[in-house]
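Keep the 3D view open as you read.

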Amino acid sequence: MSTEVDLLLQRERGRLFALAYRMLGSVGEAEDAVQEAFTRWYAQPRDAVQNPAGFLTTVVANICLDQLKSARRRHEDYPGVWLPEPVAALQDGPEDDLQRLESISLAFVSLLEALNPLERAVFVLVEVFDYAHAEVAAMLGRTPEACRQALHRARQSLAAHRRAVAPAERHRKLLLSFVAAVQRGDVDELAQMLADDVESRADGGGFVNAAARPITGVRAVSRLFAGLSKQSPPDLAVRIETVNGWPAALLSSAGVLWSVLQLRADDGARILRIDNVMNPYKLARVAAAFGLRTATDAP
């Protein structure tokens with residue numbers, strides 16, 4: 001029986017990682033949270049835990065809740081715009097579940113930064129993982145009413161940013177058109193793809209030149225990306241891969257990954273947001289997943 005339980009729980013790792021990643025936005029920290037939860041599980045007498053999966057979920061949620069409190073301070077001191085670390089494999093639900101799929105995109109995980117730690121934990125557990133308020137309250141050591149209030153505040157905070165999103169295949173086609181227009185430096189073509197309130201964010205982490213603040217508006221964003229064509233290396237390679245569950249453009253040169261760029265488009269296929277992760281330390285894992293290097297380990 002013990003072996004059967006262990007095998008079952010090992011299959012839970014993907015779900016636990018998906019929970020931790022949504023809460024933390026860091027692959028390494030999410031992996032550490034899951035590993036710590038399993039360490040605590042194996043330290044328990046087998047007959048002391050009636051619901052092993054529930055035990056692990058509770059431990060992961062609370063580890064993440066604690067980490068979020070210090071992470072907020074780190075992100076406030078972060079040089080420039082902070083974006084989540086991209087992850088190559090993170091599909092923990094049906095591919096046609098658009099709301100669940102959206103919740104792992106770079107844009108949405110970044111939006112969760114606007115929430116305080118309790119709001120973020122409750123939102124993810126209730127809205128994404130379908131736990132009831134009473135279950136979440138028991139996990140986090142709060143009252144059901146406190147969790148309901150936290151969820152209400154989280155929904156209000158995110159309401160202005162939550163629009164109907166185009167399916168992944170339309171994102172892929174739009175991304176291909178966007179990249180082609182960027183390579184041509186076509187300002188007018190780019191402008192036609194953008195929503196009026198489009199926002200572009202680039203995370204260089206202080207290691208790569210990137211705008212220190214989000215760039216907003218059609219004129220500014222279209223000119224920004226049209227200008228990039230003049231700065232691109234002649235051997236620039238662009239490939240479209242699935243990152244954070246959505247199509248993303250991987251821009252590389254001589255086998256070195258320089259950028260992971262992902263769009264968020266509304267159901268009218270206009271670009272609402274562009275997220276561009278350029279911090280080489282955040283690109284390391286996704287680069288390795290696709291057979292590339294980063295500037296930190298290039299010869």
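Ala254 sits in the loop between strand S4 and strand S5 (256–265). Helices here are DSSP runs of H or I with at least four residues, strands are runs of E with at least two, and both are numbered from the N terminus. Before going further, please note that this is a predicted model, in which local features need pLDDT of at least 70, side-chain atom pairs count only at pLDDT 80 or more, and totals for chains, interfaces and linings use all residues. Residues are numbered from 1 along each chain as its sequence is written, and side-chain values use heavy atoms, with hydrogens and water left out.

What is the phi of Ala254? It is positive, about 55°, although Ala254 is not a glycine. Most residues other than glycine have a negative phi. Asn244 also is not a glycine and has a positive phi of about 55°; its place is the loop between strand S3 (237–243) and strand S4 (246–253).

Are these residues buried or exposed? Buried means under 20% relative accessible area, exposed over 50%, and partly exposed in between (1.4 Å probe, protein chains only).

| Residue | Relative accessible area | Class |
|---|---|---|
| Ala254 | 57% | exposed |
| Asn244 | 0% | buried |
| Phe17 | 13% | buried |
| Tyr21 | 0% | buried |

Now for the aromatic rings. Rings of Phe, Tyr and Trp (its six-membered ring) pair if their centres lie within 6.5 Å; planes under 30 degrees apart count as stacked, over 60 as edge-to-face and the rest as tilted. The count comes to 7 aromatic pairs. Phe17 and Tyr21 form a stacked one, with 6.2 Å centre to centre and 25° between the planes. These two residues are about one helical turn apart, because they lie 4 residues from each other in helix H2 (residues 13–24). Elsewhere, Phe38, Trp41, Tyr42 and Phe55 form one aromatic cluster.

Stepping back, the chain has 13 helices and 6 strands. Its C-alpha trace spans about 65 × 45 × 35 Å along its principal axes. Buried residues make up 48% of the 299 residues. Counting a contact as heavy atoms within 4.5 Å, residues 24 or more positions apart account for 68% of the contacts with a separation of 6 or more.
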